[in-house]
Amino acid sequence: MNSELDTYARQGFGADLPLKPPYGLLIVDFVNGFADPAVFGGGNIPAAIDRTVGLLRAARERGWAVAHSRIVYADDGADHNIFSLKVPAMLTLKEREHRSAIVPELAPAAGELVVRKTVPSAFFGTPLTQWLTQRGVQTLLVAGAVTSGCVRASVVDAMSWGFRPVVLSDCVGDRAIAPHDASLFDMAQKYAAVMTRDEALALAADGGGRG
């Protein structure tokens, strides 16, 4: 890993990403189906959900803009796409299915945006960009599942739309640890700041900092 880090550093990757207020929080797909190892879950997802409970509480106390995302397909599957072709079980995530509902401990509060999507990114084809922009968000903290899939896709799009993504390493989870670790490494080198929940909250309390 040291030789790989040396290569990335020599080529100019992995620069610090300063945090800049105002802050927002995006919680990606922490729904019952991704919390259940028998459906789409496993790995370190339960631990990430537990850590996100305190994160969400802190974001609300600080008055941050908070958004959640869910994967939701039409009851008749009319909006099926390449994602559901590749992962057919995604079509079981319907509006009224238990597996598509946000886990109770992270249930959205009044005034928080809930984005419904049919592809990995919480930004693609949704009003999330405009909603965050209207609220002046500069730095977007990201939690959710899975690290190598919908989290990573959302982080890349957040960066592409001009937000400063901060991936909270202990608040994102994956059904397998190897892709989780690889994705954290990749996002830290190219797209985002990566740090723990408590590190990010401490920096945000100071009004900014280095990521």
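User: Which residues of helix α6 are buried?

Analyst: In helix α6 (residues 147-160) the buried residues are T147, C150, V151, S154, V155 and A158. Buried means under 20% relative accessible area, exposed means over 50%, and partly exposed lies in between (1.4 Å probe, protein chains only). Helices (H or I, at least four residues) and strands (E, at least two) are DSSP runs, numbered from the N terminus. The model is predicted: local features need pLDDT of at least 70, side-chain atom pairs count only at pLDDT 80 or more, and totals for chains, interfaces and linings use all residues. Residues are numbered from 1 along each chain as its sequence is written, and side-chain values use heavy atoms, with hydrogens and water left out.

User: What do the buried residues of α6 pack against?

Analyst: They pack against β1 (23-28), β2 (65-71), β3 (113-117), β4 (139-145), β5 (164-173) and α7 (177-190). Contact here means heavy atoms within 4.5 Å. Just after α6, G162 takes a positive phi of about 95°.

User: What makes D186 and K190 a salt bridge?

Analyst: A salt bridge is a side-chain nitrogen of Lys or Arg within 4 Å of a carboxyl oxygen of Asp or Glu. The D186 and K190 side chains meet at 3.0 Å, N to O, so the pair meets the definition. Both residues lie in helix α7, four residues apart, about one turn of the helix.

User: Why is D186 called buried, and why is K190 called partly exposed?

Analyst: D186 has 12% relative accessibility, so D186 counts as buried. K190 has 38%, so K190 counts as partly exposed.

User: How do you know that D170 and R51 form a salt bridge?

Analyst: Their closest N and O atoms are 2.9 Å apart, so the pair falls within the cut-off. This pair links distant parts of the chain, with D170 in strand β5 and R51 in helix α3, 119 residues apart.

User: Why does R51 count as partly exposed?

Analyst: R51 has 27% relative accessibility, so R51 falls in the partly exposed class.

User: What about D29 and K117: are they buried or exposed, and what distance separates their closest N and O atoms?

Analyst: D29 is buried, and so is K117. Their closest N and O atoms are 2.9 Å apart, and the pair forms a salt bridge. D29 sits in the loop between β1 and α2 (32-35), K117 in strand β3, 88 residues apart.

User: How many salt bridges does the structure hold?

Analyst: The structure holds ten salt bridges.
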